[in-house]
Amino acid sequence: MKSIIASLGALAAATQVAAHGYVASALIGGTNYTGYLPYTDPYYSPPPERIIRAIPGNGPVTDMSLIDIQCNGWSDGGVIGSSPAPLYATPAPAGSTVTLQWTDWPDTHMYPIITYMAKVPSGSSVTSWLPGTSAVWFKIDEAGLDLSTNTWAAIKLIADGNRYSFTIPASLAPGQYIIRHEIIALHSSYTYPGAQSYPSCIQIEVTGSGSVTPSGSNLVAFPGAYDGTTPGLVWPLWNPNNLQSGVAYPIPGPSLYFSGGSATSTTTARTSSTTTTTTKASSTTTTRGSTTTTTTTTTKASSTTTTPRTSTTTTTTKTSTTTGSSSVASAYAQCGGSGWTVCFWIYLHLQQRLLLAMRSKLNAQYLGNAKRSPRPAPDKAHRLSGILVDRKPAG
C-alpha cells in the first residue's frame with residue numbers, strides 16, 4: 001500500500017516538474033511577500049490578501065491579442081484577464097533591488113525574462129486601477145541570450161534557485177506602480193501562436209527623491225506591444241542556425257526606457273545596468289509537488305500586517321475540463337498531442353493504472369485473509385473506489 005501511494009505521489013511530482021510556473025514570492029524593500037498561489041488561495045475563506053494580482057494557474061498565454069497578456073488570465077476558460085490585488089508593497093525604494101522567486105522550471109525551456117512598470121494615474125489607487133489597453137508600460141529590465149557565454153536567461157534563473165533580481169530605476173518618481181514581470185518560453189515558438197508568456201503583476205509604492213515619470217513613444221500597451229510579427233516571438237529554438245554560438249536573439253518589446261544605469265539584473269544578457277547586486281529571498285523555500293512554505297509578512301496600505309497561511313500545492317493544470325483552443329493548444333504540444341488536455345489525460349491514464357494496481361493488491365489481500373480465517377460478512381464494510389475493505393473487529 002505504501003509503495004502504491006508513494007508511486008502516486010511521485011507521479012504528481014513528475015507532473016509538476018513537467019508543468020510551468022509563476023512568481024511564488026517577492027522580496028521588496030527588505031520584506032518578503034508571498035505571491036498569489038492559484039491552487040490554494042481561492043479555497044480559503046476569506047482568501048489571503050496579496051500584492052500580486054490573481055492568476056488562473058501555471059499555464060501560459062499564447063494569444064498576444066488578449067487582455068490576458070497584461071497580467072495573466074485564461075479567456076478561453078472564462079477568466080478574462082486579471083483583477084487588482086488588495087495590497088501593495090511599501091516601501092519600495094527607487095534604486096533598490098527586487099528579487100522574485102519563481103516556482104520550478106524545466107531546464108529544457110529556453111526563454112527571455114522581461115520586466116515592465118506602469119505608473120498609477122493621480123487620483124487612482126493601485127488596488128483598483130486597471131490599465132486596460134492604454135500605452136502606460138515602460139521596460140526597465142530584460143535578459144535573453146548572453147552571447148558572451150551562449151547562455152540563456154533560463155539557465156541562469158535555474159542556477160540561481162529560480163530567483164530573478166532587477167533594480168527599480170533610481171531616478172523614478174515616487175508613487176504607486178504595477179510591475180509586469182514575464183517569462184516567454186520559446187520551446188513551441190516555431191510559429192505564431194506558439195511562444196508562451198507567463199506574466200505576473202506586482203503592486204508596489206515607490207519611494208525616494210526621483211523625478212522621472214516615463215512618457216512618450218517608448219510606452220506600450222498590453223495587449224498591443226506584441227503580435228505575430230514581433231521579433232523574438234517566432235523563433236525556431238531548435239533550428240541548428242539559431243543554436244550556433246554568436247546568433248543573437250531579439251528580445252521582444254521596446255527598448256529599455258532607462259539607459260543611464262537605473263535598470264539592473266543579476267541575469268541580464270542585454271541591459272542598461274552598471275551594477276549587479278543580488279539579494280536572495282532567504283525566507284522563501286518553494287518546492288512543487290511536495291510542500292510550499294512561503295509564510296511571510298504582507299503589509300497593507302494602512303500599515304497593518306497580515307500573515308498568510310502556509311499551503312500545499314498539488315495541482316498543475318488550469319482545469320481538468322478544458323478542451324483546448326487555438327490560443328493554448330500548441331503550447332502543450334510537447335506532451336505529444338495537439339491540445340494541452342493531452343497532458344491531463346496522460347496523467348489520468350497513469351493514475352487509473354496505479355489505482356487498479358492498488359485495487360488488485362487489496363482484493364488479493366482480502367481474499368487471502370478470508371481463506372485463512374473464514375468469518376461472516378463484516379457489518380462495517382466500506383467501499384473506496386470500488387474496493388471492499390474490512391475494518392478489523394474490535395478487540
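How many helices and strands are there in the protein chain? The chain has five helices and 15 strands. Helices are DSSP runs of H or I with at least four residues, strands are E runs of at least two, and both are numbered from the N terminus. The model is predicted, so local features need pLDDT of at least 70 and side-chain atom pairs count only at pLDDT 80 or more, while totals for chains, interfaces and linings use all residues. Residues are numbered from 1 along each chain as its sequence is written, and side-chain values use heavy atoms, with hydrogens and water left out.

**Whole chain**
- Of the 395 residues in the protein chain, 49% are buried. Buried means under 20% relative accessible area, with a 1.4 Å probe and protein chains only.
- The protein chain exposes about 17300 Å². Carbon and sulfur atoms supply 55% of that area. The areas come from the Shrake-Rupley method with a 1.4 Å probe.
- Contact means heavy atoms within 4.5 Å. Among contacts between residues at least 6 apart in sequence, 73% join residues at least 24 apart.

**The four-stranded sheet**
- An open sheet is formed by four strands in the order β2-β1-β4-β9, with antiparallel pairing. Two strands pair if DSSP finds at least two bridges between them.
- β2 (31-34) and β9 (163-167) are the edge strands. Each has a single partner strand, so one side of each is left without a neighbour in the sheet.
- On average, neighbouring strands of this sheet are turned by 20° against each other, direction ignored. The axes are lines fitted to C-alpha atoms, and angles run from 0 to 180 degrees between N-to-C directions.

**Strand β1 and its partners**
- β1 is mostly covered, with six of its six residues buried.
- β1 (residues 23-28) pairs with β4 (residues 97-102) in the antiparallel sense over four bridges. Leu-27 stands opposite Thr-99 in β4.
- β1 also pairs with β2 in the antiparallel sense, over four bridges.
- Ala-26 has a bridge partner on each strand: Leu-100 in β4 and Tyr-33 in β2.
- The hairpin of β1 and β2 has two residues between the strands. In this hairpin, Gly-29 takes a positive phi near 60°.

**Around Thr-151**
- Thr-151 lies in strand β8 (residues 151-152).
- The side chains of Thr-151 and Thr-149 are joined by a polar contact of 3.0 Å. A polar contact is a pair of N or O atoms within 3.5 Å; within protein, one must be able to donate a hydrogen and the other to accept it.
- Not counting residues up to four places away in sequence, Thr-151 touches Gly-144, Leu-145, Asp-146 and Lys-156.

Key. Buried < 20%, exposed > 50% of the residue type's maximum accessible area, 1.4 Å probe, protein only.
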